[in-house]
Amino acid sequence: MEETITHIEYTVETAQQLLTMEEPDVQMLYKLADTTRREHMGDDVYIRGIIEFSNICANNCLYCGIRAGNGKVTRYTLSADEILEAASVMATGHQMTVVLQSGETPALGDEALGAIIRRIKKETPLAVTVSVGNRPRDTYRYWKECGMDRYFLRFETSDPGLFLRLHPGSTLQERLSCLADLQDLGVQTGSGFMIGLPGETLHILAQNILLCRELDLDMIGIGPFIPHPDTPLGEKKNTYDDNREMFFKALAVLRIFNPDAHIPATTAYDAVFPGKGRDLALQRGANIFMPNNTPACYRKDYLLYPDKPGVDDSADQCLGSAVVRIRALGRTVGKGPGHSIKGACVAPSPGKAV
Ligand code: 5AD
């Protein structure tokens with residue numbers, strides 16, 4: 001087996017084969033992922049503070065707790081000043097990137113969001129990542145002119161039929177063309193997928209990993225699908241409910257196939273493995289941590305899935321526990337923005353450890 005994982009062919013078949021590894025071989029897979037991460041990304045873990053600035057959404061994605069059709073959600077949008085206030089405290093900690101995320105509707109308006117990006121770039125030293133869904137190329141271009149550094153848009157699944165079933169009125173092709181626009185504009189681009197969506201086969205999971213590689217992404221975020229009771233998939237189970245190791249195997253194979261991408265240990269790992277999911281993710285390929293910086297009073301209204309950790313914590317507590325967890329793993333907190341190391345958009349940051 002060792003031979004198999006020391007000579008990687010980047011094919012769907014190889015990915016699928018690696019995903020089927022069991023104990024004790026799977027430990028070799030994790031070791032290879034961790035070594036790949038260390039050799040390519042170093043021991044720095046970059047902390048990106050996320051602000052979920054609006055939960056208003058026009059879409060009806062079957063899995064998502066803030067889908068338009070969920071009437072139980074209290075909708076909110078932060079004011080520009082609230083966003084700026086949350087962003088400006090970040091740089092006083094170790095958070096040199098702000099991730100602005102919302103539902104897929106221009107709740108603030110494209111120009112208002114552009115003005116916020118400009119203010120953040122002017123008033124703080126932060127890198128800005130935006131994650132607000134499919135938008136026209138001109139909008140992406142405008143935000144880039146305003147100073148947007150990165151954009152994050154998951155393709156969710158690489159299977160066109162499954163994509164269509166999960167996203168009424170929207171196609172995988174449209175999503176991929178948004179990603180192509182962003183890359184073409186020179187925006188550092190992130191994407192990714194959920195693991196274990198109903199209808200997802202192991203082959204699709206392997207294809208998801210391959211698609212990330214083919215897209216040559218700067219950032220890749222993945223995480224387990226967690227059924228939300230107030231959605232059409234509320235009664236469904238994650239495909240790997242009885243085999244949760246698959247969530248980590250997917251992450252490890254993702255790292256091996258995408259050595260130079262920034263890969264976050266996403267919050268969903270902590271939802272499935274309370275208190276330790278993100279730590280294990282950092283040891284099996286991930287190199288980014290994203291503490292929640294949404295003002296506390298809004299958090300309970302941004303539940304894409306249930307049992308989301310950190311809902312009752314302050315931004316300070318989220319940051320503090322991130323730093324403690326990173327250091328407990330013997331890793332260092334990344335300094336500087338932690339830009340893409342791919343070189344196309346920006347020179348790699350020196351990323352000195354603290
Ligand atoms: N379980 C896990 N992840 C989810 N997301 C949305 N709903 C769920 C869910 N029920 C993820 C999607 C989206 C990201 C912001 O959150 O992948 O892109």
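User: In this predicted model, at what angle do helix H2 and H10 pack?

Analyst: Let's start with who is involved: H2 covers residues 12–19, and its partner is H10. Their axes lie 9 Å apart. H2 and H10 pack at an angle of about 140°.

User: Is the crossing of H2 past H10 left-handed or right-handed, and which residues of H10 make the contact?

Analyst: H2 passes H10 in a right-handed crossing. On the H2 side, the contact is made by Thr 14, Ala 15, Leu 18 and Leu 19. By class, the contact of H2 with H10 holds 7 nonpolar, 1 polar and 1 charged residues. The H10 residues you asked about are Met 246, Lys 249, Ala 250, Val 253 and Phe 257.

User: How far apart are the axes of helix H3 and helix H10, and why is H3 called oblique to H10?

Analyst: H3 spans residues 25–41 and H10 spans residues 245–257. The two pack at an angle of about 40°, and that angle makes H3 oblique to H10. As for the distance, their axes are 8 Å apart.

User: Which residues of H10 does H3 meet, and is that crossing left-handed or right-handed?

Analyst: H3 brings Val 26, Leu 29, Tyr 30, Leu 32, Ala 33, Thr 36, Arg 37 and Met 41. They meet Glu 245, Phe 248, Lys 249, Ala 252, Val 253, Arg 255 and Ile 256 in H10. Sorted by class, that contact has 10 nonpolar, 1 polar and 4 charged residues. The crossing of H3 past H10 is left-handed.

User: How is H5 set relative to H6?

Analyst: Helix H5 takes in residues 110–123, and helix H6 takes in residues 137–146. They pack at about 25°, with axes 8 Å apart. That angle makes H5 roughly parallel to H6.

User: How many charged residues does the contact of H5 with H6 have?

Analyst: H5 passes H6 in a right-handed crossing. Asp 110, Glu 111, Leu 113, Gly 114, Ala 115, Ile 117, Arg 118 and Lys 121 in H5 meet Thr 139, Tyr 142, Trp 143, Glu 145 and Cys 146 in H6. Along with 6 nonpolar and 2 polar residues, the charged ones number 5.

User: What is the volume of the largest cavity, and which residues line it?

Analyst: The structure holds 1 cavity of 30 Å³ or more. The largest cavity has a volume of about 80 Å³. Its lining divides into 7 nonpolar, 3 polar and 2 charged residues. The lining residues are Phe 53, Ser 102, Thr 105, Pro 106, Ala 107, Leu 108, Gly 109, Asp 110, Leu 113, Val 132, Arg 135 and Trp 143.

Key. Residues numbered from 1 in each chain as written. Predicted model: local features only at pLDDT ≥ 70, side-chain atom pairs only at ≥ 80, totals over all residues. Heavy atoms only, no water. 1 Å grid on protein atoms, 1.4 Å probe; cavity = no way out; pocket = protein on both sides within 12 Å on 5 of 7 lines; lining within 4 Å. Points joined across faces, edges and corners; volume = space filled by probe spheres on them. Nonpolar A, V, L, I, M, F, W, Y, C, P; charged D, E, K, R; others polar. Axes fitted to C-alpha atoms, helices over the stretch in contact; angles between N-to-C directions. Helix = DSSP H or I, 4+ residues; strand = E, 2+ residues; numbered from the N terminus. Parallel < 35°, antiparallel > 145°, perpendicular 65-115°, else oblique. Left-handed = near helix turned anticlockwise from the far one by under 90°. Contact = heavy atoms within 4.5 Å.
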